[in-house]
Structures are given as structure tokens and as C-alpha cells.
Amino acid sequence: MKRPLSGIITLVTDFGLRDSYVGTMKGVILKICRDATIVDVAHEVKPQDLLEASFVLESCYRFFPDGTIHIVVVDPGVGGTRRPILVESGAHLFIGPDNGVFSRIYAADACTVRHLTGERFRLPHISDTFHGRDIFAPAAAHLLNGAAPSEMGPIVHDPFRQDPPRPVVWKDQLTAEVIHIDSFGNIITNVPRTLFEDFLSGRRFKIIVNAKSIESVSRTYQDVERGRPVALFGSMELLEIAIHSGRADRRIGAGRGDPVQILAEPS
């Protein structure tokens, strides 16, 4: 793969912004590559929540220029046996722990995964608790400075995968799952528009979440009265449940992992 040309490094972490962790990583990057452009994607991922981090990453990385490097530091196994890795996928590079956080990337495209072992691409002292600073940030900066991915370390043939939950269709029922609650309280499911439409084929239906039922899909949040639930396809083309001017997670009482059922009238 050619040297990344965008000059952009993105950050997804569970660090929050109260402490110095994010700023320290940026300092390491800029000390090595002063021309780097650093974009904060999200730092409020729920602590140690790999599925949420994976979803956040998938929702945004394609919208960055080719050659962007994406660092993910949600790393409950830091300092343990999990490997620090570099993933080459299409026109993008990903750096982070080998703990399943890149599973959605593996599912989307062919990937080359490397174990980050090159000592000259790390800081001199490696903390057991902050690989974001000592391994991930310097590796990304050195890539921007012209280092080739092949110099970073050997290929990994068995990266750890944590496959995301997938909907199941059985006769006239589609069983799905809540996979994310966004900051507005919208309930995002793992049902893509294409699957939804193919399953229904124009039939009437009910969407059931925590015993609450919706029998239509709207185009926008404001297509129903204020305070009413609404089903629609959001920006990722996934089915979501919202409340006009309210929080669906609290009103419906749903959280990630809860079941979602779509019942269609018999064929």
C-alpha cells in the first residue's frame, strides 16, 4: 500500500476529556509529525466497550479521505497478551489493539493485519497501561512521515474477531437487536433498509421493542407528533426508533442488546 497521503489521523477512545490522555497522544503525534491533522471522532465511548467503539468507527471512517489513519484506543486488555496491530483495509489504515474492535472492518473488506513490533516506531519506554501514547500514536505519526506498513511488523494471520450480532429471518418474523444508543437516546438496530424491505415485500408489519409497537416507518423524526415514537432509517441506513423531541431509550426502556422483533402479515 502506498504511503497515506491525506495527512489525517482520527482518534476514537474511551478516555473522555477530563484527563490528559487524549492531549498526550496528540502531543506524541505532533512531536513526530508536525504537519499531521488530528481529528477527534469520539472520546466518550463507554469505558471498555468494544462493540460501541467498533460501531462508532464503522459509522464514520468511509467519510474521510483515502489514506486516513484511524487510531482506536478502547483497550481493556492493555499490557496483557493481546497484540498491538496495524490493519490495512482498502484505502484506509487502522491502528489499535487486537481485541476485536476492528471486526466490522474485517467483515467489510479484505485486510492485511500486522503486529506492531518495530521498536523504532515506538516511544523508548513502553508503559503497561498506555499503549495509545507509547505504541499506537507514534506508529501512526511515523506512517505519515513515510514509513511503510511492511516495516511496522510481521503479518498476523489470526486477528481476533468479535462478530457483530446479525438479524435472523424465520418465516414471517425478523428478529434483530439494539446495537447502539446514540447521545439523543435514539435506539439504533442492526436492521439495514435493504433487509427490511426485502423481508416485508410490501406487507404490513409491526416493529416491537420492549412491548412497544410501531406499525409504520417515517422519513424524518418530525413526521409524528411531539412525544410520539417514530421508526425510520437513520444516516447509516439502519432501522432506528426515536421519540420526537424526547429520548426513546428512556421512554421505551430499551438498551443495547435488547431484542427487536418485526412481525409481517402472512404471505
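These are my notebook entries on a predicted model.

**Ground rules**

I number residues from 1 along each chain as its sequence is written, and I keep to heavy atoms for side-chain values, leaving out hydrogens and water. As the model is predicted, I ask for pLDDT of at least 70 for local features and 80 or more for side-chain atom pairs, while totals for chains, interfaces and linings use all residues.

**Entry 1: the open sheet**

I looked up the strand order and found an open, mixed sheet of 6 strands, β2-β1-β3-β5-β4-β6. I take helices (H or I, at least four residues) and strands (E, at least two) as DSSP runs numbered from the N terminus, and I call two strands paired if DSSP finds at least two bridges between them. The edges belong to β2 (37–42) and β6 (111–115); each has a single partner strand, so one side of each is left without a neighbour in the sheet. On average, neighbouring strands here are turned by 20 degrees against each other, direction ignored.

Inside the sheet I checked β4 (residues 84–89) and β5 (residues 92–97), which run antiparallel and are joined by 6 bridges. Leu86 is the residue that faces Ile95 of β5.

Which strands does helix α4 lie across? I found α4 (residues 131–144) across β1 (8–13), β3 (69–73), β4 and β5, at about 180 degrees to β3. My axes are lines fitted to C-alpha atoms, for helices over the stretch in contact (heavy atoms within 4.5 Å), with angles from 0 to 180 degrees between N-to-C directions.

**Entry 2: nonpolar cores**

I define a nonpolar core as buried Ala, Val, Leu, Ile, Met, Phe, Trp, Tyr and Cys residues joined through side-chain atoms within 4.5 Å. Buried means under 20% relative accessible area, exposed over 50%, and partly exposed in between (1.4 Å probe, protein chains only).

The largest core has 29 residues, and Ile71 and Ile95 touch the most other members. At least two residues each come from β1, α1 (21–32), β3, β5 and α4, with α4 giving the largest share, 8 residues. I also listed the contacts of Ile95 beyond four places in sequence; among them are Ile71, Leu86, Phe102, Phe136 and Leu143. A second, separate core holds 23 residues, including Ala176, Phe199, Phe205 and Val209.

Is β12 mostly covered or uncovered? I found 4 of the 5 residues of β12 (residues 229–233) buried, so I wrote "mostly covered". Strand β13 (residues 238–243) runs antiparallel to β12, with 5 bridges between them, and Val230 sits opposite Ala242. Between the two strands lie 4 residues, and Glu237 takes a positive phi near 60 degrees in this hairpin.

**Entry 3: the largest pocket**

I put the space in the largest pocket at about 570 Å³. A pocket, on a 1 Å grid over the protein atoms alone, is an open set of points with protein on both sides within 12 Å along at least five of seven lines, and lining residues have an atom within 4 Å of a point. Points are joined across faces, edges and corners, and a volume is the space filled by probe spheres set on them.

Of its 27 lining residues, Val56, His180, Ile181, Asp182 and Ser183 are the closest to the centre. The elements giving two or more residues are β2, α2 (50–60), β8 (173–181) and β13, and α2 gives the most, with 5 residues.

**Entry 4: Thr194**

I found Thr194 in helix α5 (residues 193–200), exposed at a relative accessible area of 55%. Thr194 and Leu238 are 44 residues apart in sequence and 9.1 Å apart in space, C-alpha to C-alpha.

Definitions and conventions
1 Å grid on protein atoms, 1.4 Å probe; cavity = no way out; pocket = protein on both sides within 12 Å on 5 of 7 lines; lining within 4 Å.
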